[in-house]
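Dear colleague,

Please find below the structure for your records.

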Amino acid sequence: MAVPVAAPTPLTGSSILRRTVMRQRARMIISSLFFCVHQFCETMVPVAIGLIVGRAIDTGDGRAMIISLIALAGLFVVLSYAYRFGARIIVVAIEREAHMMRVEVAGRVLDPRGVRTDLVSGELLTVSTSDAEKTSWILDVIARTVAAITATVVCAVALLIIDIPLGIAVLVGTPVIMYLLQRAAPLLTRTATTQQAEVARVSGMATDLVSGVRPLRGIGAETAASVRFHESSRTALGATMKMAKANSVYVGFSTTVSALLSVGIAGTAGLFALQGRISVGELITVVGLSQFVIEPLTTMSRLPGVAAIVRGSADRLALVLGADHVLNDSGTGAPTSTEVAVSGVTYRSLDGFDMSAAPGELLGVVALRAQDGEALAAVLSGQIGADDYLGTVTIGGRAFGDLALHEVRRTVLVEPHNTDLFAGTVRTNVTAGRDREDHELDRILVASAATDVVELHERGLDHAVTDRGASLSGGQRQRVALARALSVAAPVLVLHDPTTAVDAVTEHSIATGIKDLRHVVEHAQTTVLITTSPALLAVTHRVLVVDDGRVVAEGTHHDLALNDERYRETVLR
């Protein structure tokens, strides 16, 4: 009889917080102990002052005064170092945990199997930085909560020793205050989660708009994009203001209640002193404790607000870390050839799409509708889950799902139209960490027309490149990105509009370079060019024309230019 296998527990914000605490429990416990020592010593300061007044000042005992002052100085030394060590340890724990979560999110996002999430790249960046940092704050929340409880309990015990009703007031009043405040915590959590999601969405939109500002200007859509961002930004502002308002009301109420409790204790102590129930030294101690108790009470009252932010960030982390993989890495083996075949694929705008590219063929694809080209590039990339489209895509006669994932990645490279460069140099961007001989790099740079980029700058290949290639022009970025794609020497290379930002002369040079580099007779590789560039299409062996998600014409560039009117309008305009 088969034993049923329990379904894996879904990852939640709560489970991430529990894991964080368990991973850093040693540092958190040690830090909490130091904070407790600090708070204990802080509580003992008004007690010590009261004892000095009662046993040294009132009695005029000089020896007792000297001993008391030395003891008070020692108390301050202990509390100072206890806080310093506690803070240092908890900061180390927070930074280590934040680093571990950042690495974990990055690993999840960069996993070859992909991650199924609706978050855009800018939002993923926020999750891996801001949310990872805020989630680690749970360690500080716990440590400070323990310290605040310690201070409150010690304060209550000291008051009980002086006068039982005063101690009972703290012991009873504190739980009541905390109960009332905790009733508002779920509202704060929901508000904080909504606010963080809105801010992350706007941050992601801003990142995408900045990276795509040139194309937006090119199509005259910058005004529409600006209006959309303005509306989203106002929504995020509204959510932030709502969170700030709720938190302000919460903190104001908690501070007021804590102050009223403190004033009540001090006033009652003053009455007791007038009645002779407590001495002057004890009155000073009670007044000092009543002022001091505001600090831990305020700390405990503010922690739920911080905890709400922490929980909101943890929930967003769970969206990424708990997301399913897009691809199933259960295949085995490697393709036996570089033949590419797409059969009956329906995905996005593609509708029963069929195509094939023979081994060593330089195939052109002209999409009369841009969305068809984008959908085809996505399908050929092998990064679309098998459940997300209909039909089959094969390499060397074997479906993507039947091949080992690392073999698919080794065999097929799709260079998208919108691609990013990394902070570094031209060399590191072209080679991407792979060892290349100088003569190989020279051939790649010539083929991609990136020699102009190298020769234009004094340091050549070692010219610095900023993040996303912002230090280069659009055409330079595109040529460096093309050089990087060519340097991989993938058996199957798919290029999607690789020359939209270069002039006609450079485009012709690139077309000749791609053909000479990848399609020499003895080492021919398969290349698919999704483009409307006449220079690139002129060097292809065959061209497919795609419209309404299907191939509607096929032939050489020359024949289609002569006989297909829509082809001429699209390519030779």
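Predicted model: local features only at pLDDT ≥ 70, side-chain atom pairs only at ≥ 80, totals over all residues.

I begin with helix H12 (residues 370-380), in which Asp372, Gly373, Ala375, Leu376, Ala377, Ala378, Val379 and Leu380 are buried; buried means under 20% relative accessible area, exposed over 50%, and partly exposed in between, with a 1.4 Å probe and protein chains only. Because eight of the eleven residues of H12 are buried, this helix is largely enclosed by the rest of the structure. H12 is followed by Gly382, whose phi is positive, near 75°.

Residues are numbered from 1 along each chain as its sequence is written, and side-chain values use heavy atoms, with hydrogens and water left out.

Overall composition

The protein has 21 helices and twelve strands; these are DSSP runs numbered from the N terminus, helices being H or I of at least four residues and strands E of at least two. Of its 573 residues, 46% count as buried. The protein exposes about 28,200 Å², of which carbon and sulfur atoms supply 60% (Shrake-Rupley method with a 1.4 Å probe; for residues, only the protein chains shown count as cover). Among contacts between residues at least 6 apart in sequence, 78% join residues at least 24 apart, where contact means heavy atoms within 4.5 Å.

The six-stranded sheet

Six strands form an open sheet in the order E6-E9-E10-E3-E11-E12, with mixed pairing; two strands pair if DSSP finds at least two bridges between them. Strand E6 (412-415) and strand E12 (550-555) stand at the edges with a single partner strand each, so one side of each has no neighbour in the sheet. On average, and with direction ignored, neighbouring strands of this sheet are turned by 20° against each other (axes are lines fitted to C-alpha atoms, for helices over the stretch in contact, and angles run from 0 to 180 degrees between N-to-C directions).

Strand E3 (residues 362-367) runs parallel to strand E11 (residues 542-547), and five bridges join them. Leu363 has Arg542 as its bridge partner in E11, and Val366 stands opposite Val545.

Glu415, placed in E6, is buried, with a relative accessible area of 11%. Its side chain makes a polar contact with the side chain of Thr419 (3.3 Å); a polar contact is a pair of N or O atoms within 3.5 Å, where within protein one must be able to donate a hydrogen and the other to accept it, and residues adjacent in sequence count only if both atoms are side-chain atoms. Leaving aside neighbours within four places in sequence, Glu415 is in contact with Ala481, Arg484, Ala485, Val494, Leu495 and His496.

The four-stranded sheet

Four strands form an open, antiparallel sheet in the order E2-E1-E4-E5. Its edge strands, E2 (350-357) and E5 (398-399), each pair on one side only. Two bridges join strand E4 (residues 390-395) to E5, and Ala399 in E5 is the bridge partner of Thr394.

Two backbone positions

Most residues other than glycine have a negative phi. Arg348, in the loop between strand E1 (340-347) and E2, has a positive phi near 50° and is exposed, with a relative accessible area of 60%. Ala449, in the loop between helix H15 (438-447) and helix H16 (451-456), has a positive phi of about 60° but is buried, with a relative accessible area of 6%.
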